[in-house]
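Reader: I am new to this structure and would like to go through it with you. Could you show it to me, please?

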Amino acid sequence: MNTVESGISTDVVIDGAQGEGGGQVFRTSLSLAMCLGKSVRIENIRAGRAKPGLLRQHLTCLRAAQTICNAKVIGDDLGSTEVVFVPGTVKAGEYHFQIGSAGSTTLVFQTVLLPLLLADEVSELYLEGGTHNGMSPSYDFIVECFLPVLQSLGCRVETSLEQVGFYPAGGGAWRARIYPMNAASGIDKVDLVTRGGQQAELAMAMSSKIPEHVTQRELTHIQQRCRWSESVLRQRLVKSSGPGNIVSLQVNMGNITEVFECVGERNLSAEKVASRAITQMNRYLRAGVPVGEYLADQLLLPMVLGSGGKFRTLNPSMHLLTNIDVIRMMSRKSITAEKIEEDCWEISVTGNSE
Amino acid sequence: MKTVAISILGTTMDRRGKGDKRWDKWRPTISMCQHDDLLIDRLELLFDPKAQTLADQVTADIQRISPETTVVHNHLSFPDPWDFETVYSVLLDFARGYRFRSSTETYLTHITTGTHVAQICLYLLTEAGYLPGQLIQTSPAKRESTVAGHYQIIDLDLSKYDQIASRFQKEHKEGTTYLKGGIETNNAHFNKMIEQLEHVSIRSNEPILITGPTGAGKSKLAQRVYDLRKQRGKLEGKLVSVNCATLRGDNAMSALFGHKKGAFTGATNDRPGLLREADGGLLFLDEVGELGIDEQTMLLRAIEDKRFMPFGSDREVSSNFQLIAGTNQDLIALSQSGDFREDLLARIDLWTYELPSLKDRIEDLEPNIEYELENFSKKSGYLVTFNKAARAKYLQFSHSPAATWSANFRDLNASITRMGTLADGGRITSSVVAEEIERLLRKWKSGASLMNQPRHIIEPFVGAEQCDEMDHYDQIKLSGLITTCQQATSMADAGRKLFNVSRTTKASNNDSHRVRQLLNKYGLNFADLNTKLDAET
């Protein structure tokens, strides 16, 4: 059953094949639908892909969204290419989401975060599954980069990591306590046009159940290429259900901390893993913008749902452009993306709050 | 709909140690639950209780990577996982005992784990519908980095596969046109019969009985069944054809079953016999109703036990042959009169096909004319065709009541051969057809009377001169005597039939003596009558 002959008319119809045409359209649509209380029909989900329609990771996000707002859903089947999502009132509370290795806890977190921030009580999330699986921003990115920016906007989210979960064994677990926004003040305006000088850096090589020399070689490589002092190198040997490895580079630019990651794989040397993270970081440092690629994706929703604002970032990724398109279709806010120079774009959101 | 997978625990492939290295390795049962586009709601894990520890590990790992999946343990004992019979019955018992809820659940049977024997059994059970649903096959990725690898869902409903279906249709059609000798026949009854015969030829090695009048194509059909079976790899040996009417007395026994050197006068060498020659192949016994009772007895044993005793031998030999029997007689009537063993009839009467006479499938005459023309053209090396008027004339005659086609397709074959030979430049004209019609009418007319002429029967034995000097009445008496002797198994047997009334009034009977005396009067002896017949046919 790939199509829904529901005939239900929704407030918004989103073409799931637009832009990157994958899970991003889907998740952004769900989050906005819940926050704005609008029903949405998403069509042509992952059209043109080798295996079109909903995958398990999308279904997991859909079920999580349905759970927190008691939504009416049509088409929540694997392989479904059309979903109708009619959100109810978002309910704060305790939620436990178990996500298989094919999904990611951080993607589920992103889907439900804004709606729960806008609810009227504290929510406790318990998320089980992959935390550092390389297919989405890691737990560390959320905690070190994204949440501090949110906090500066007046949002309060506390997290604690119980166990790291790598692909494929998973088995990770973390908690997030989400405090409701002060309805009067709302989410503050974003202003991230300039960035300060580099104040601190940190290189973390984390691993579980693989030889220790891997993380050592990664750190040595980083030290040599970045000329960082030994005191900022961290080797984290963690306990996890299965083997795994990730390199994470964090740079504190005063007004923002950015995180660049690469997950270790079989047949990929430790040096290569470190290099890939360094390449991303160097691009960011060269560009002189405060907001990196992944943070840009995630800042849009708080801006649309809050008081707007602007930020400068790298050349926009397909994910970012897709998010912009979906936001334009679902909200009354005006959103612009303007090229300032190569690898420097300014994204601004203006307009009345909804 | 929920998706339920049924999988044998892979005691080799799912067992990758207790250590964490197992996560680097592809484990088929676990991989099934790792795919982004496949959600197994429930996994029915089948395993021997001895593998409980492994099952627990696999279950825990699946719960971690796929929390949506419920794993159900099913204890099945395979005493010998390579023994087809026990594995099949254990799995069959599982399938029979399992409560399938096909309205709310779809089933995938995993055929990557378990011994090859178990995989074959799962396949068979799925194909037979005991395990409803489809098969799933898993395979590792080329590079080890993606642990989930690949999976393939296979629907065994062959009718869903256009290519296979059309190919099967084609082969089936090829098979049937093969049996029909490539002739596009129109007679619905005949076509239906041939279609079934094609199925039977390919699927069964049991005896086939072909009945029908002479010239209807029995031996041709036997030849084609043989060719079809050989082509499909159903047999390897050769086709041995024999007309039982040519087998008489000692000769019959030894021709069929072979003999040892010195078994009888003239047996100067060992002879393997036709049944032995047909070992691994096909034996076609035409005119099977002509077999003597002794030969029938031996044949029955040879069919049932694949063993028999060569003439004059004290040791049994074996031959594994497939049998096709042909007859134009009513075997049921023969068995009622005691001339054909009832048990043998029952044995060969499993698949009976009655070939209609040409008259009875006259709509097939035209395609057969085409076939014969083409055949003749091939043999002669030049193309032979009718002109339009000649064709119409021949067809009209062929369908008319005057055309009796008494020897059926044999007549047609001869007729076309004659016309083809007489056709100048390969063109059969109206005058050629007119002559041929004359010839056919003459043949059928004289044939009908000739067969009833006593002279036709006695002349080969007493010669034309002596016939000319005999009264018609005497010719009738002699022809009756000869015919009875030919059909009898011995002189005594002939005597019992010839003197059936007078012998009951005599105190002592010497039937064979009376027969010999009668034959002597004409310079004949009993053995001669049979040999003469052998030589002729």
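Reader: How many residues of chain A are in contact with chain B?

Author: This is a predicted model, in which local features need pLDDT of at least 70, side-chain atom pairs count only at pLDDT 80 or more, and totals for chains, interfaces and linings use all residues. Residues are numbered from 1 along each chain as its sequence is written, chains are lettered from A and ligands numbered from 1 in the order in which they are written, and side-chain values use heavy atoms, leaving out hydrogens and water. In chain A, 23 residues are in contact (heavy atoms within 4.5 Å) with 21 residues of chain B.

Reader: Are B:R22 and B:D61 buried or exposed?

Author: Both B:R22 and B:D61 are buried (under 20% relative accessible area, with exposed over 50% and partly exposed in between; 1.4 Å probe, protein chains only).

Reader: What about A:E342, which residue does its side chain meet in a salt bridge?

Author: The partner of A:E342 is A:K339, at 3.2 Å from N to O. A:E342 is exposed at 54% relative accessibility, whereas A:K339 is partly exposed at 44%.

Conventions. Salt bridge = Lys/Arg side-chain N within 4 Å of Asp/Glu carboxyl O.
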